[in-house]
Amino acid sequence: MGYLIDSFVAAIGLIFTFDREVQFAVWTSLYTSSCSIAFAALIGIPSGLMLGTNRFRGRRLIITLLNTLMALPTVVVGLVLFGLFSRQGPLGSLGLLFTPWAMIAGQTVLAAPIVANYVLAAVSGSDPRIMDTVYTLGASNVQAAVQLMKEIRFGVMAAVIAGFGRVIAEVGVAMMLGGNIRGTTRTMTTAIALETSKGEFAFGLSLGIVLLCVALLVNLFLNLLQQR
Amino acid sequence: MEPVISLKDILVEQGADFTLSVENLELMPRRIYALTGPNGAGKTTLLRIMALLTFPQQGSVSFAAGGSGLVDKRQNVTFVEQSPYLFDGSVSDNLAFGLKLRGVSRKEQKKHIAETLTLVGLAGFELRNSRKLSGGEVQRVALARALVLKPQILLLDEPTSNIDKKSLSSFETLLASLPNTGSTIVFATHDMSQPERLGAQMLRIENGRLLDRPRQSIDSVDTKQQEKRLWLNPLNLPGH
């Protein structure tokens with residue numbers, strides 16, 4: 001028990017003394033997660049809107065695929081993209097492997113189906129009169145989609161936050177595509193895994209506390225949105 | 001005079017129970033038409049076809065004016081549902097929506113919105129939250145949102161269903177005056193005395209079939225006088 005308390009005190013100390021290693025891991029996590037969620041939103045929001053507002057052949061198949069992708073193991077995404085980005089892979093010449101960009105690509109693949117699915121659910125649950133109203137007032141398809149997005153903005157925000165929650169907590173993609181390189185691609189999750197295995201439990205705990213606080217803030221915000 | 005909207009050989013089948021079939025329907029400008037009939041007769045479906053919100057399996061809908069694209073065609077006609085949806089925001093935001101799409105300047109928007117709200121008896125409602133309005137007010141705002149666009153054809157699905165008895169008379173007077181603004185009005189109603197009160201031509205519909213054919217001639221309307229009045233006072237506002 002004493003070991004746990006001592007580690008906890010040391011972890012708090014590391015956070016409040018603004019330890020450089022802790023700071024860097026937090027920054028890398030926030031930076032890569034923010035970039036990936038921005039890309040995922042760019043892909044996922046229009047996809048969700050399109051799937052929600054149109055009926056076409058193969059729609060059900062795409063929705064089933066999206067549901068499957070939501071539960072995609074992070075190491076599988078890491079593995080596939082590793083194959084693409086490795087030197088012998090088709091995108092090897094880009095030199096992205098073990099850079100933050102490779103992590104961002106992988107995390108985008110993880111988050112985009114989540115964002116799309118949440119937006120699809122928001123559209124499906126929205127008032128069916130919205131689209132008729134915007135069309136009868138003279139809107140084009142794009143203008144109608146923009147207005148629909150405004151009407152279901154809390155659902156769209158919830159989609160983005162859920163996607164962010166997924167990528168900031170994942171370890172598989174960051175480890176496989178980032179390589180956990182100190183000062184470059186070491187995130188909170190990969191640092192926790194590495195430092196704890198090296199016996200630096202207090203360091204891992206300090207990052208765990210920060211990660212938990214971020215997750216808590218994300219969920220508080222999500223709850224706040226759902227109450228509106 | 002050319003009809004503002006023509007429907008030819010329309011056929012809509014919705015499941016095994018309902019078929020709407022309209023051989024030929026031509027509606028003339030600045031007229032008011034009342035679609036009457038029992039529940040499920042096809043009134044709303046016919047209005048939605050005219051609004052280009054429901055597409056028939058067969059037949060054509062053509063307009064006297066407007067471009068060839070769907071968006072251009074839809075800008076000729078505005079549909080107000082029986083239970084209208086107001087966008088989240090203020091009353092002014094709702095009325096500005098269609099004006100923004102048509103590239104109307106902010107200054108002009110403000111002017112048109114104030115005029116139209118006065119017309120529907122909601123002067124000063126610009127900043128009111130659309131989610132905090134009564135049923136009757138929602139119906140009036142939805143009507144104002146359509147009127148502000150000065151559509152060639154205005155389609156109203158049971159427009160007085162949420163209006164209380166006290167306001168009904170003034171609301172009906174407003175509806176009856178709308179052809180003076182240049183619009184052709186088609187409204188669905190269950191109230192069999194309403195068409196007469198509004199001076200509307202009756203289009204009875206039963207089991208998905210139109211029983212009446214609209215008259216083509218313009219009775220008792222001095223067209224030149226009407227046009228002059230419209231030019232001077234497009235919204236028929238008092239004081240012009």
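## The contact between chains A and B

In this predicted model, the contact between the two chains draws on 16 residues from chain B and 13 residues from chain A. On the side of chain B that touches chain A, the elements giving two or more residues are helix 2 (70-74), strand 5 (77-80) and helix 3 (91-101) of chain B. The greatest contribution to that side comes from helix 3 of chain B, which gives three residues. Sorted by class, the residues of chain B on this side comprise nine nonpolar, three polar and four charged.

## Helix 3 of chain B

Helix 3 of chain B, which gives the most residues to the side touching chain A, also has buried residues, namely B:Val91, B:Asn94, B:Leu95, B:Ala96, B:Phe97, B:Gly98 and B:Leu99. The cover over these buried residues includes helix 4 (106-119) and helix 5 (135-147) of chain B. After helix 3 of chain B comes B:Gly103, a residue with a positive phi, near 70°.

## Chain B as a whole

Chain B contains eight helices and nine strands, and 40% of its 240 residues count as buried. Among the contacts in chain B with a separation of 6 or more, 72% are between residues 24 or more positions apart.

B:Ser167 counts as partly exposed because it has 17 C-beta neighbours inside 10 Å, whereas a buried residue would need 20 or more and an exposed one 12 or fewer. From C-alpha to C-alpha, B:Ser167 and B:Glu23 are 38 Å apart in space, and they are separated by 144 residues in sequence.

## Packing of helices 2 and 8 in chain A

Two packed helices are described by the angle between their axes and by the distance between the axes. In chain A, the axes of helix 2 (residues 20-53) and helix 8 (residues 153-169) come within 9 Å and cross at roughly 135°. Helix 2 of chain A and helix 8 of chain A are therefore oblique to each other, and their crossing is right-handed.

From helix 2 of chain A, the residues that meet helix 8 of chain A are A:Ser29, A:Ser33, A:Ser36, A:Ile37, A:Ala40, A:Ala41, A:Gly44 and A:Ile45. Their partners in helix 8 of chain A are A:Val156, A:Ala159, A:Val160, A:Gly163, A:Phe164, A:Val167 and A:Ile168. By class, this contact of helix 2 of chain A with helix 8 of chain A has ten nonpolar and five polar residues, with no charged residues.

Terms used. Residues are numbered from 1 along each chain as its sequence is written. Chains are lettered from A and ligands numbered from 1 in the order in which they are written. This is a predicted model: local features need pLDDT of at least 70, side-chain atom pairs count only at pLDDT 80 or more; totals for chains, interfaces and linings use all residues. Two residues are in contact if their C-beta atoms, placed from the backbone, lie within 7 Å. Helices (H or I, at least four residues) and strands (E, at least two) are DSSP runs, numbered from the N terminus. Ala, Val, Leu, Ile, Met, Phe, Trp, Tyr, Cys and Pro count as nonpolar, Asp, Glu, Lys and Arg as charged, and the others, Gly among them, as polar. Axes are lines fitted to C-alpha atoms, for helices over the stretch in contact, and angles run from 0 to 180 degrees between N-to-C directions. Angles under 35 degrees count as roughly parallel, over 145 as roughly antiparallel, 65 to 115 as roughly perpendicular and the rest as oblique. A crossing is left-handed if the near helix is turned anticlockwise from the far one by less than a right angle, and right-handed if clockwise.
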